[in-house]
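The following report describes a protein model, with attention to the contacts between its side chains and to its secondary structure. Please read it alongside the sequence and the coordinates.

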Amino acid sequence: MHSTQDQALHLEGEPNPSAAPTSTLAPRKMPKSISISKQLASIKALRKGSDLEKAIATAALIFRNSSDPDGKLGKATAKNLLQTRFRNFTEGQETKAKYKYLLSELDEHTENKLDFEDFMILLLSITVMSDLLQNIWSVKITK
């Protein structure tokens, strides 16, 4: 049984994941020295993918490249990713009660580690409350 994450991130030229068993607890990592855009370009299924599909795949790759061998992010790594890779959404949120609450939830997480699902929930929660989202909603679209 393979995770959806392993199937979605199957690279062209690699053995078929169904042919060689892999653990869902220890996801394969792409070399960190390869840029996310090159990693995305190497994923055959995304060649004709939508912007939304590529955005989710980007989040998955960033998570995978940053996670430990068990496929989890430590609390410090998760906070670092928020500050460095998601800074336009987190900027200005530090004093807001809801943002502080989300980070305190991260601190209280039983293992102090996040799996991919928890990480995505955290990203979406921060996105929904961010000032940047409010700016996005206010953009006038001209046709």
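## Salt bridges

In this predicted model, aspartate 131 and lysine 96 meet through their side chains in a salt bridge of 2.7 Å, N to O, the term being used for a side-chain nitrogen of Lys or Arg within 4 Å of a carboxyl oxygen of Asp or Glu. The pair links distant parts of the chain, 35 residues apart, with aspartate 131 in helix H8 (residues 131–138) and lysine 96 in the loop between helix H5 (87–90) and helix H6 (97–108). Aspartate 131 counts as partly exposed at 35% relative accessibility, and lysine 96 is likewise partly exposed at 28%; here buried means under 20% relative accessible area, exposed over 50%, and partly exposed in between, with a 1.4 Å probe and protein chains only.

The structure holds two salt bridges, and the other one is formed by the side chains of aspartate 68 and lysine 113, again at 2.7 Å, N to O. Aspartate 68 lies in the loop between H3 and strand S1 (73–74) and lysine 113 in strand S2 (residues 113–114), so this pair ties together parts that are 45 residues apart in sequence. Aspartate 68 is buried, with a relative accessible area of 17%, whereas lysine 113 counts as partly exposed at 30%.

## Basis of the values

Residues are numbered from 1 along each chain as its sequence is written, and side-chain values use heavy atoms, with hydrogens and water left out. Because the model is predicted, local features need pLDDT of at least 70 and side-chain atom pairs count only at pLDDT 80 or more, while totals for chains, interfaces and linings use all residues.

## Overall architecture

The protein has eight helices and two strands, where helices (H or I, at least four residues) and strands (E, at least two) are DSSP runs numbered from the N terminus. Read from the N terminus on, the elements follow the order α-α-α-β-α-α-α-β-α-α. Of the 143 residues in the protein, 33% are buried.

## Aromatic pairs

There are three aromatic pairs in the structure; rings of Phe, Tyr and Trp (its six-membered ring) pair if their centres lie within 6.5 Å, and planes under 30 degrees apart count as stacked, over 60 as edge-to-face and the rest as tilted. In one of these pairs, the ring centres of phenylalanine 63 and phenylalanine 119 are 5.5 Å apart and the planes stand at 40 degrees, so the pair is tilted. Phenylalanine 63 belongs to helix H3 (residues 51–66) and phenylalanine 119 to helix H7 (residues 116–129), so the contact ties together parts that are 56 residues apart in sequence.

One aromatic cluster is formed by Phe63, Phe116 and Phe119.

Helix H7 has 14 residues and reaches 20 Å from its first C-alpha to its last, close to the 20 Å expected at 1.5 Å a residue, the expected span being 1.5 Å times one less than the number of residues. Its N-terminal end is capped by aspartate 115, a side-chain oxygen of which lies 3.3 Å from the backbone nitrogen of glutamate 117. Among the buried residues of H7 are Phe119, Leu122, Leu123 and Ile126.

Arginine 87 is found in helix H5 and counts as partly exposed at 45% relative accessibility. A polar atom of the arginine 87 side chain lies 2.6 Å from the backbone oxygen of threonine 84.

## The largest pocketThe largest pocket has a volume of about 420 Å³. On a 1 Å grid over the protein atoms alone, a pocket is an open set of points where a 1.4 Å probe fits, with protein on both sides within 12 Å along at least five of seven lines, and lining residues have an atom within 4 Å of a point; grid points are joined across faces, edges and corners, and the volume is the space filled by probe spheres set on the points.

The lining of the largest pocket comprises 18 residues, of which Ala55, Ala59, Phe86, Leu123 and Thr127 lie nearest its centre. Two or more lining residues come from each of H3, helix H4 (75–85), H7 and H8, and H3 gives the largest share, six residues.

Conventions:
Polar contact = N/O pair within 3.5 Å; in protein donor to acceptor, adjacent residues only side chain to side chain.
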